[in-house]
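Take a look at the chain below before reading on. Keep the 3D view open and find each part as it is named.

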Amino acid sequence: NIKWAEDEKNLRVFIREILLLIKADILQENGVISGTEVIWFRPLSFKESIRRSFEKIWKEEAKNILSLDSPDQQLKCYTESEAPYYYFDKKSVFQSVESVAVMDIGGGSTDIVYYAMGKAQIANSVHFGCDVLWENGYNEYDNAKDNGIFKHYKDTISFETPELKELYNAMLKSSHTSTRDIINLWISNDKETDISKKLRADHISTFVYHYTALVYYMASMFKVNNLAYPRTIIFSGNGSKYIDNYITDTVPILTQITELIVSKVYGNTISDIELVLPNERKESTCYGGLYHKDGAAEPKSVVYLGDGKNIIYKNVEAIDAAYSSGLKENLAKEIAAMNSVYKDVLDALIQQSVIEQVDSAKMKDVVDSVVKDALVSKYQKVVLDKYMLQEPFNDTLFFLPVVEAILKLTGIYKR
């Protein structure tokens, strides 16, 4: 994935190609190349060094290829998760602007932005997206095959189209093809694999846990920042499509379980949340850039470790000092509370006949079983082994056990 690779040479070639395509389109339409406005988007979770590198390359290449009259005015950058709000606001797809949350779910990360009365307040980014559903937990080998969904269907799914059949067989034999790539091939060719129907029937509990964890984390993050619960929640990004594809596309039921999760976090009954799951999940980012209000302030970027506290840690050293003196225990309590809500959500979906033949108590036991060890071993692997003590940590610790629990859940299905 080029935007995370920190490879300036390849990045420059990629951006140059995009700008050449833009130039060709402008020429075909008899447009004025030098007067073109260019908007590009970045993830919230970009490190400052990566952001500076992108800005530098975009500016240099746009100047060379498009000969912009005023590069500083014509070249604009917005965050991927900000933009959808302005598009949906323009379309008037939500009723209340009092408090709106945009959750942009990608493959490797999720960005969350909170708006109050049309103004962006805070933004948060976590390295937890939909890819964890198709991957192998913390096993980093390219050829890891631990994912339960992959194991479940690999011997029964086949393709009739010769080209797909050849590609699929090659992917299965390759030692460099990930379970994520193979499952995404199944999903993108649903007419041949019928994978959507299979996932809904066999693995809905896994998707429900992913959804519960994200909504719980979002609500908890808002609460510790003294923000009212969001009256409207908008989902963007292609990663969010698992929600209505593999849980349910009945919005009132999704709204019910969302209100249940948010109510548990805020400690009072909430029944007036509006859920927006638009058709144009990814396109809304591009469209939103066109309607972004000039001069609109960027939201304040916040870091929330997931422990139910609003404490700012200077660096990894400060986090590590706090970890053994209360931080880890507070994380364990928050995750245990979320796991209890997960059971409640499963029960609600069973009551609505969305889920059948699932033992919610057993599922809770499964997700509870990984918490203690994950908060030790995965903390070491993900934080201490990858960061210098003086580095800032701009992610969360909340999903450390969640990733492990999702892998275990993928292995539970009707046999």
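This report covers a strand and its partners, a helix, some salt bridges and a surface patch.

The model is predicted.

**A strand on the inside**

Start with strand β3, residues 100–105. Is this strand enclosed or open? Six of its six residues are buried, so β3 is largely enclosed by the rest of the structure. Buried here means under 20% relative accessible area.

Now look at the two faces. In a regular strand the side chains alternate between the two faces of the sheet. On one side of β3 sit V100, V102 and D104.

Which strands pair with β3? One is β4, residues 110–116, which runs antiparallel to β3 and pairs with it over six bridges. Four residues lie between β3 and β4, and the two strands form a hairpin. Within this pairing, M103 has I112 of β4 as its bridge partner. Another partner is β6, residues 232–236, which pairs with β3 in the parallel sense over five bridges. There, V102 has I234 of β6 as its bridge partner.

**A helix with a covered side**

Next, find helix α9, residues 195–202. Its residues I195, S196 and L199 are buried. They span an arc of only 100 degrees around the axis, so they lie on the same side of α9. What covers them? The cover includes α5 (148–153), α7 (179–188) and α8 (190–193). It also includes α10 (204–224) and α11 (241–247).

**Salt bridges**

How many salt bridges does a search of the whole structure find? The count is 21.

| Pair | N to O distance |
|---|---|
| R16 and E61 | 3.0 Å |
| K386 and E140 | 3.2 Å |
| D368 and K364 | 2.6 Å |

Take the pair R16 and E61, which meet through their side chains. R16 has 33% relative accessibility, so it counts as partly exposed. E61 has a relative accessible area of 4%, so it is buried.

Move on to K386 and E140, another salt bridge. K386 is in the loop between α16 (371–384) and α17 (400–410), and E140 is in the loop between β5 (119–126) and α5, so the pair ties together parts that are 246 residues apart in sequence. Buried or exposed? K386 is exposed, with a relative accessible area of 51%. E140 is exposed too, at 54%.

D368 has 26% relative accessibility, so it counts as partly exposed.

Some salt bridges share partners. Through them, E8, R12, R16, K56, E60 and E61 are joined into one network.

**A nonpolar patch outside**

Finish on the surface. Which residues form a nonpolar patch there? They are Y287, L290 and Y291. Together they have about 330 Å² of accessible area. Y291 belongs to helix α13, residues 283–291. Its relative accessibility is 39%, so Y291 counts as partly exposed.

Methods:
Residues numbered from 1 in each chain as written. Predicted model: local features only at pLDDT ≥ 70, side-chain atom pairs only at ≥ 80, totals over all residues. Heavy atoms only, no water. Patch = residues over 30% accessible without salt bridge, like charges linked within 9 Å, V, L, I, M, F, W, Y side chains within 5 Å. Areas by Shrake-Rupley, 256 points an atom, 1.4 Å probe, with all protein chains shown as cover. Salt bridge = Lys/Arg side-chain N within 4 Å of Asp/Glu carboxyl O. Buried < 20%, exposed > 50% of the residue type's maximum accessible area, 1.4 Å probe, protein only. Pairing = 2+ DSSP bridges. Arc of directions from axis to C-beta. Contact = heavy atoms within 4.5 Å.
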